[in-house]
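Try each task before you read its solution.

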Amino acid sequence: MKNIYLTGSLNIDLCIESPYIPKAGETMTGSGFLTNGGGKGANQAVAAGKLGGRVKMCGVVGDDAFGEMLVLNLKKAGVDVSYIRKESCTTTGVAVIILSGGDNRIILDKGANALLTVGQIDEFLADAKEGDIYLTQLENPVEIIGYGLKKAKEKGMITVLNPAPANKEILPYFGFVDIITPNETETEFFGGKDALIKAGIKTLIITLGNEGYEITTEKGSERYPCLKVKAVDTTAAGDTFCGGLVTMLSEGKTLEEACEFGSKAASIACTRKGAQQSVPTREEVLGY
């Protein structure tokens, strides 16, 4: 099994259910308030850990109770947190999430996530080996994320980018990405499938919500279905997919096998509320 190196964000999610998305100036009564660990980086690290991967994470939290909670969640999932820096000059990142009809709207304060540094990346990847997996997203400063992708490719790692939230500042770094995992909206933001492949991406995996996913390479595209479930909360579905994908790749599974496993895990996560707490275990996915 190869190691999974994950650079990314750590946030506390403040979630509330709403009958519908409020209009400007409207106050309404919600329900089901939850405080739980989130951030795309931490979600994906927890997912990979719970699904059986050997995971190390690099990121930044504030010196506060939220930061302590996030690090503890990662430890419980079996993630190596040695490279998560605690920063006293700011707060831990926060995401305010409104859930309505199985869909979500998110407002994000990056907080400590904005303080990720090149030095951290260098230290984090010092012992990485050829063939190890590198997974990252775009909730940290894009130039630092890009640097990490370049550094990982120089070491011969398999690089995976989840390009969310979509940001065109990452375009110059696409040549260092082996696999990219956007949803449909993010794919269009970057100009569509052909544009992504022409930019140097070797493999494009588009997540299609309840329609499954699509794998595209220079040789063509093929769509695959997903488990049909009743969605309760889609907050961490894409992150769970990524965690399952890299876990299977780290075990030497084919891309198709890795995507199938990640998709099944993501579907199960949709049936539960919350982000990290919705991620199934490996045993749950294999037995579903």
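Helix α2 (residues 65–76) lies across β2 (11–17), β3 and β6, and runs at about 70 degrees to β3. This is a predicted model, in which local features need pLDDT of at least 70 and side-chain atom pairs count only at pLDDT 80 or more, while totals for chains, interfaces and linings use all residues. Residues are numbered from 1 along each chain as its sequence is written, and side-chain values use heavy atoms, with hydrogens and water left out.

Some terms: helices (H or I, at least four residues) and strands (E, at least two) are DSSP runs, numbered from the N terminus. Angles, from 0 to 180 degrees, lie between the N-to-C directions of axes fitted to C-alpha atoms, for helices over the stretch in contact (heavy atoms within 4.5 Å).

**Exercise 1.** Find the order of the strands in the open sheet of 4 strands.

*Solution.* 
- Step 1: Read across the sheet as β3-β2-β6-β7, with mixed pairing (to pair, two strands need at least two DSSP bridges).
- Step 2: Look at the edges: β3 (31–38) and β7 (103–109) each have a single partner strand, so one side of each lacks a neighbour in the sheet.
- Step 3: Follow β6 (residues 93–100), which pairs with β7 in the antiparallel sense over 7 bridges; Ala95 is opposite Leu108 in β7.

**Exercise 2.** Find which strand β6 pairs with over 7 bridges, and in which sense.

*Solution.* 
- Step 1: Locate β6 at residues 93–100.
- Step 2: Its partner is β7, and the sense is antiparallel.
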